[in-house]
Amino acid sequence: MKLPENLILGIDVVFLHSPHSELRDFYTQKLGLTPGYGDDHWQEFIMPEGSRFGLDFTGYPRSVIEKQVVMISFKVADIHQAVSLLKGKGVSFAETPQGIVFDVGPTLVATFKDPDGNWMQISQRK
């Protein structure tokens, strides 16, 4: 199955960490990043070129995936189509209680592991 040339549209980077406002404040007040969507579990920052940087406030106990400090997510236009195409290429996705594709506030994500054991995601903005 051939993947479309424009399957991956961009990249997002997320730090997974325990909640504390000091980290959010550092990026807004010290580095001057503009906050975007935020709630008790998530804070993202608006980037002028369309990339996204976010802070994912994880709790304890952390899952195997959440123990990874940085999550890179590849943006796609249609996450369900992308999951289907990538599964057809042998990519294995992590199952969550919500299924392979799950809702994380402003975004739908699906998590997979690369051959070196790094957890990665594909994501679609809602």
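Predicted model: local features only at pLDDT ≥ 70, side-chain atom pairs only at ≥ 80, totals over all residues.
Of the contacts in this chain with a separation of 6 or more, 54% are between residues 24 or more positions apart, where contact means heavy atoms within 4.5 Å. Residues are numbered from 1 along each chain as its sequence is written, and side-chain values use heavy atoms, with hydrogens and water left out.

Let me turn to the overall layout. The chain has two helices and eight strands, and these are DSSP runs numbered from the N terminus, with helices being H or I of at least four residues and strands being E of at least two. Followed along the sequence, they give the pattern β-α-β-β-β-β-α-β-β-β. The radius of gyration, taken over C-alpha atoms, is compared with a globule rule of 2.2 Å times the number of residues to the power 0.38. For this chain the radius of gyration is 15 Å, close to the 14 Å that the rule gives for 126 residues, so the chain is as compact as a globular protein of that length. Its C-alpha trace spans about 45 × 35 × 25 Å along the principal axes.

Now to the interior. Of the 126 residues, 37% are buried, which is to say under 20% relative accessible area, with exposed set at over 50% and partly exposed in between, using a 1.4 Å probe and protein chains only. A nonpolar core is a set of buried Ala, Val, Leu, Ile, Met, Phe, Trp, Tyr and Cys residues joined through side-chain atoms within 4.5 Å. The largest one here has 15 residues, and the members that touch the most others are Ile-79, Val-83, Phe-93, Val-101, Ala-110 and Ile-122. At least two residues of this core come from each of helix H2 (79-88), strand S7 (107-113) and strand S8 (119-125), and H2 gives the largest share, five residues. Phe-93, leaving aside neighbours within four places in sequence, is in contact with Val-83, Leu-86, Lys-87, Ile-100, Ala-110, Thr-111, Phe-112 and Ile-122.

Val-76 sits in the loop between strand S5 (70-75) and H2, and at 6% relative accessibility Val-76 counts as buried. Beyond its neighbours within four places in sequence, Val-76 is in contact with Leu-7, Ile-8, Leu-9, Ala-82, Ile-122, Ser-123 and Gln-124. Leu-85, in helix H2, is also buried, with a relative accessible area of 11%, and although Leu-85 and Leu-7 are 78 residues apart in sequence, their C-alpha atoms are 9.5 Å apart in space. Asp-114, by contrast, is in the loop between S7 and S8 and counts as partly exposed at 23% relative accessibility.

Finally, the charges. The chain carries 12 positive and 15 negative side chains, and the centres of the two sets lie 3 Å apart; here Lys and Arg count as positive and Asp and Glu as negative, with His and the chain ends not counted, and each charge is placed at NZ of Lys, CZ of Arg, CG of Asp or CD of Glu.
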